[in-house]
Amino acid sequence: MARDYDKITKEITLVGFFSEYLPPCFKLNKNVLFNTPPENCDLIPPLCFSMSRFNATNGRRNIFIPEIGSYLVSYNYIRSNGIIKELITFCDKSDVSFSNILGPDNSIMTHEQSYNNDYSPVRSEDDSPSFYIQNICKKLIKASGANKILKLDISNCFSSFYVHMIPAILLGYEKTNEEYKKSLSNGSSVTIDPTYLKYRKLDDILRKQNLNRTNGLLVGTLYSKIIIEGILCRIDQELLAEGIKFSRYVDDYEVYIFDDQEDKVISSFDRVLKRYGFALNSEKIETVDYPFYVTENLQKIFKDFSSTKLDTPAIMKLFNTFLTMEKQGTKGAIRFLLKSIECSPIETDEKDLYKSYLLSILSNDKRSLVKACSLLIGMGTNKLNDADSALLSTQTKQFLANNYDLEVIWLVYLLIKCQKLKKSDELIELICISDNELAQTILLRSNMLYKKNLSILKEKAQSWLLLYELFAADIISKEEFCDKANVKHNLDMYEKFKIRGIHYCSFDVSITL
């Protein structure tokens, strides 16, 4: 299928601004693309929130939302220089990566569609396909004859990436180093490779999103994912040249061992990665003995259940089957079940029983909370009773105390969408005095705040996003906005956004309770 890279670049820019894990109320308005600030835009800190890593250790990671001005400057440069086409074309050459940017139909791949240490959902014929079983089969073929699998992981891949290495994606380490030395001796020399100059400038442009820091890409945007995928595809070529046979999902490697020489493989990885500024995470090195990739076909199990209307015993058996598999070590089984239900809703009259399972999962499995919230919202505004809302409110308070940002954001969104949050609720004041500015933005944009709450936000808001929403709502003045957000060069852009009614968090209707 022919690719329209202008359309793909625009879609990547719009879809890839907010993390795919945030509620759908956070969406980038396409009209922002027509108001790019000057290239010497303001250096404004990105907004940061925490979320679960979706792994067995319940670890957490920080996700970033770049300031919109610096992001649009990046878009303008990337679009006008054909960067997306070049990088995706380069990445497509890798046959060891399972973290493709585009799917077979040229749609943008999400985390849930790609193969990872997680299961992808069953989807309807009209939806984007899952590739879990397909990718397992590919890896089984790659592992033919191996007696072990060595699992390796790059330590802090995004945050440790040396951004000056961006030209090495297309040129490799040696060529990039050679061109760098030329630029030091004569920066205007006509002998410097044009590709080096283009991607060195991309380095300069992208760093504006991260206060010009030379180490680290912002986790959360698709731009960062594409850059990381590009440099890892370059590293793939060098590892393959070492005679290593492996598969990779982003920075997680599964190396097929045929001769019990794990130490030699690790040494080769260390040497290649070091050239590009990376290092292995020694604490996550793991060896898996034969047999490999022994897994249930969860898609078939779910399909067998969902083919008929489920009565009480069937609902219990469905959830117990996946809960038991999770408990016995099938990591991601519960998330798989919820994602599958989201894509192919089950039919049942036992709504209260179904809801009870969702609420229990929400309270006990942070990795599955996002999907549980989505399914509860899908049940309708009248399905949650007062006891349910009290449970959710208590859970939200606990997450607030632990600084579990994404969980708070989703529970607030759930309570509002199901009309179970009132302006007078104590929870609202607790959120307003917290540091969770995305949750505060949801409250602001859904008209859930009294004047006293607005006064708190006016006094303590720090992120560019919340400050803009306060400015757009005339809660703070232009002067206050510029002072608090450190806006100078980008002011004209923000004023145009305000005039045109552009927001970063929107609801279908204004909710007043």
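How much space lies in the second largest pocket? The second largest pocket holds about 460 Å³, a volume being the space filled by probe spheres set on grid points joined across faces, edges and corners. The model is predicted, so local features need pLDDT of at least 70 and side-chain atom pairs count only at pLDDT 80 or more, while totals for chains, interfaces and linings use all residues. Residues are numbered from 1 along each chain as its sequence is written, and side-chain values use heavy atoms, with hydrogens and water left out.

**Second largest pocket**

- A pocket is an open set of points on a 1 Å grid over the protein atoms alone, where a 1.4 Å probe fits, with protein on both sides within 12 Å along at least five of seven lines; lining residues have an atom within 4 Å of a point.
- The lining has 22 residues, and Cys48, Asp435, Glu437, Gln462 and Ser463 lie nearest the centre.
- Strand S1 (47-52) and helices H16 (405-417), H18 (437-445) and H21 (478-485) each supply at least two lining residues; S1 gives the most, with three.
- Helices (H or I, at least four residues) and strands (E, at least two) are DSSP runs, numbered from the N terminus.
- Twelve lining residues are nonpolar, five polar and five charged.

**Helices H1 and H2**

- H1 (residues 5-15) packs against H2 (residues 68-80) at an angle of about 165°, with the axes 11 Å apart.
- This makes the two helices roughly antiparallel (angles over 145 degrees).
- Thr9, Lys10, Ile12 and Thr13 in H1 meet Tyr71, Tyr75, Ile78 and Arg79 in H2 (heavy atoms within 4.5 Å).

Methods. Nonpolar A, V, L, I, M, F, W, Y, C, P; charged D, E, K, R; others polar. Axes fitted to C-alpha atoms, helices over the stretch in contact; angles between N-to-C directions. Parallel < 35°, antiparallel > 145°, perpendicular 65-115°, else oblique.
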